[in-house]
Amino acid sequence: MIKIKWLGHACFKIYFDDIQCVIDPFEDNYVPGYRNIDTSADIILASHRHNDHYGMDSVRQLLRMVHGVEVKKVQTCHDEKGGSLRGENIVHVLEYNGTRIAHFGDIGHILTDEQVKEIGDIDVALIPIGGTYTVRADEARTICQQVKAKIIIPMHYRCGELGYEVLETTENFEKLFDNIEHRNTNEFILPDKITPNVVILQYRMEKEMTNTEILSRVDHTLLKADAKKEDILRICNEAVENNTASICINPSYIEYAVSVLGDRIPVCTVIGFPLGAMTTAAKVFEAKDAIAKGAKEVDMVINIAKAKDGDFAYIEDEIRQIKEAVGDHVLKVIIETCLLTDDEKMALCKAVVNAGADYIKTSTGFSTGGATFHDVELFAKYTEGKCKIKAAGGIRTRDDMVKFISLGADRLGTSSAIKILNSEKTDGGY
């Protein structure tokens, strides 16, 4: 999966699956209105050394080996007079699994025939359009035509109150094209089948999430086999005190938890847990029994063996039956991502959506692995916003929680959130 995220001005963060690349970060407090860059990356690139493109200290270098992304640097100029006015400029061409993305930096001229040949045909062009310091809108269009760009994402322009006042807005650029797509987000996930168009991203002034906001998305969880009544009472009190989204407990304690919580915090429970290998009829009975006892939310485990057999029709039918059993109550579907291939996960995204479930959930927390950033990104892409996402298992830090939410998780399943946010030691359990 390739995701392109606009961080303002000419700065983009591009995700090539789990490989992260940042291009042209600006120095802190340098470009008017834009939030300072605060991110990390495996690959950090700059088209030239001007302060609004060379804030390299704003990006934390990830210390790991990366393979699969080829970076080609094509020399151009920052102006139409061979660089005599503003110097040189590098066009970066990034290629990953056959997809080619070009970031044109502060290019100031139409490409020469030699440069066109060197750059080659491009799938996605990140192109400046604001004029004054770079090419104008009409010149940017010509460059995109020269490299046969399929998707065009403009940058380096005046965005409302953001950016330099001397730059143009997107108005003149948009007049030159028929296919314009305005996104209400600063992110674009490259589709498997590329349809030529211009994508206008919406800059987002992302703010730091508060602990209260994070906890409002947490299913405060206790699913240990030896959990006692006093433990259930403790997490009920913690949930009320911290206003978590729910508590998630084993079915035998539903009635007790409901008696403690009343309507203050929803009670969530698990069925078919943790293996998912029981019959559909047994799961349907569990679901009905849980709702009758007062549960407001149900997290079910799919039949994982059926997924490995490729019998997704069975799984979709099972989910549908359980959703009918819980009715208007919330159904979350645990697919146990650590045991699946990406193709199986994609097929299950479709099954979960088709069956009418409310959430797709990564993990039980009791298998070989928990939630990963990759899996949440995959869910976001292949559910297409038609159901919500819950990340569960293996959440260890505040940064983990914020990252999962930023990638599209609406809920987090963890027993440790309150301790983590209070900087207390955790036992690492679900």
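**Exercise 1. Describe how helix α10 packs on helix α11 in this predicted model.**

Step 1: The model is predicted, so local features need pLDDT of at least 70, side-chain atom pairs count only at pLDDT 80 or more, and totals for chains, interfaces and linings use all residues. Residues are numbered from 1 along each chain as its sequence is written, and side-chain values use heavy atoms, without hydrogens and water.

Step 2: locate the helices. α10 covers residues 342-355 and α11 covers residues 373-383. Helices (H or I, at least four residues) and strands (E, at least two) are DSSP runs, numbered from the N terminus.

Step 3: take the geometry. The two axes come within 9 Å and cross at roughly 45°. That makes α10 oblique to α11. Angles under 35 degrees count as roughly parallel, over 145 as roughly antiparallel, 65 to 115 as roughly perpendicular and the rest as oblique. Axes are lines fitted to C-alpha atoms, for helices over the stretch in contact, and angles run from 0 to 180 degrees between N-to-C directions.

Step 4: list the contact (heavy atoms within 4.5 Å). α10 supplies D342, K345, M346, C349 and V353; α11 supplies H374, D375, L378, F379, Y382 and T383. By class, 6 are nonpolar, 2 polar and 3 charged.

**Exercise 2. Which residues join α11 to α12, and at what angle do the axes cross?**

Step 1: the axes of α11 and α12 (residues 398-407) come within 9 Å and cross at roughly 20°. The two helices are therefore roughly parallel.

Step 2: α11 contributes F373, V376, E377 and A380, and α12 contributes D400, K403, F404 and L407. This contact has 5 nonpolar, no polar and 3 charged residues.

**Exercise 3. Work out the strand order of the open sheet and find its edges.**

Step 1: the 5 strands run β5-β3-β2-β1-β13, with mixed pairing. Two strands pair if DSSP finds at least two bridges between them.

Step 2: β5 (43-45) and β13 (187-189) are the edges; each has a single partner strand, so one side of each lacks a neighbour in the sheet. The twist averages 15° from one strand to the next.

Step 3: inside the sheet, β2 (residues 11-16) pairs with β3 (residues 19-23) in the antiparallel sense over 5 bridges. K13 lies opposite V22 in β3.

**Exercise 4. Is E297 buried or exposed?**

Step 1: E297 belongs to strand β18 (residues 297-301).

Step 2: its relative accessibility is 4%, so E297 counts as buried. Buried means under 20% relative accessible area, exposed over 50%, partly exposed in between (1.4 Å probe, protein chains only).

Step 3: beyond four places in sequence, the contacts of E297 include D219, K332 and R411.

Definitions and conventions
Ala, Val, Leu, Ile, Met, Phe, Trp, Tyr, Cys and Pro count as nonpolar, Asp, Glu, Lys and Arg as charged, and the others, Gly among them, as polar.
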